[in-house]
Amino acid sequence: MRNELKNSNQDFNYEVLQRLTAMETNIDIILEERPKVQEEIAKLELKELEAQKDIKQINNQMAQLKTLIIKFACGLAGVIASIVLAGVQYLLR
């Protein structure tokens, strides 16, 4: 009975040791990969900032385009009004 308990305890200790060794290996891998992951995060954050800058620039260009379209429409309306007025003046002669 005593030998069975001793063998059982040794088996348990061996299993715990195996698990601890596996955990230690996993921790080593995580610590080894951490700088790489942090570098990738920094790259992604930089890309995000660049994308935000690009979006802001696109929004500014869209606002400028909208202004140009409004100016063109007003100018075109003025030209049309001038043509209509000239036509009316011609007809009234």
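Predicted model: local features only at pLDDT ≥ 70, side-chain atom pairs only at ≥ 80, totals over all residues.
1. Let's start with glutamate 15, which is partly exposed at a relative accessible area of 40% (buried means under 20%, exposed over 50%, and partly exposed in between, with a 1.4 Å probe and protein chains only).

2. Residues are numbered from 1 along each chain as its sequence is written, and side-chain values use heavy atoms, leaving out hydrogens and water.

3. The structure contains four salt bridges (a side-chain nitrogen of Lys or Arg within 4 Å of a carboxyl oxygen of Asp or Glu). One of them joins glutamate 15 to arginine 19, with 2.9 Å between the closest N and O atoms. Both residues sit in helix 1, residues 2-92, four residues apart, or about one turn (helices are DSSP runs of H or I with at least four residues, numbered from the N terminus).

4. Further along, glutamate 33 and lysine 36 pair up in a salt bridge at 3.6 Å, N to O. They are three residues apart in helix 1, about one helical turn. Glutamate 33 is partly exposed at 32%, and lysine 36 is partly exposed at 47%.

5. Glutamate 40 and lysine 43 also form a salt bridge, at 3.7 Å from N to O, and lie three residues apart in helix 1. Glutamate 40 is partly exposed at 42%, as is lysine 43 at 41%. A network of salt bridges links Glu39, Glu40 and Lys43.

Terms used:
Helix = DSSP H or I, 4+ residues; strand = E, 2+ residues; numbered from the N terminus.
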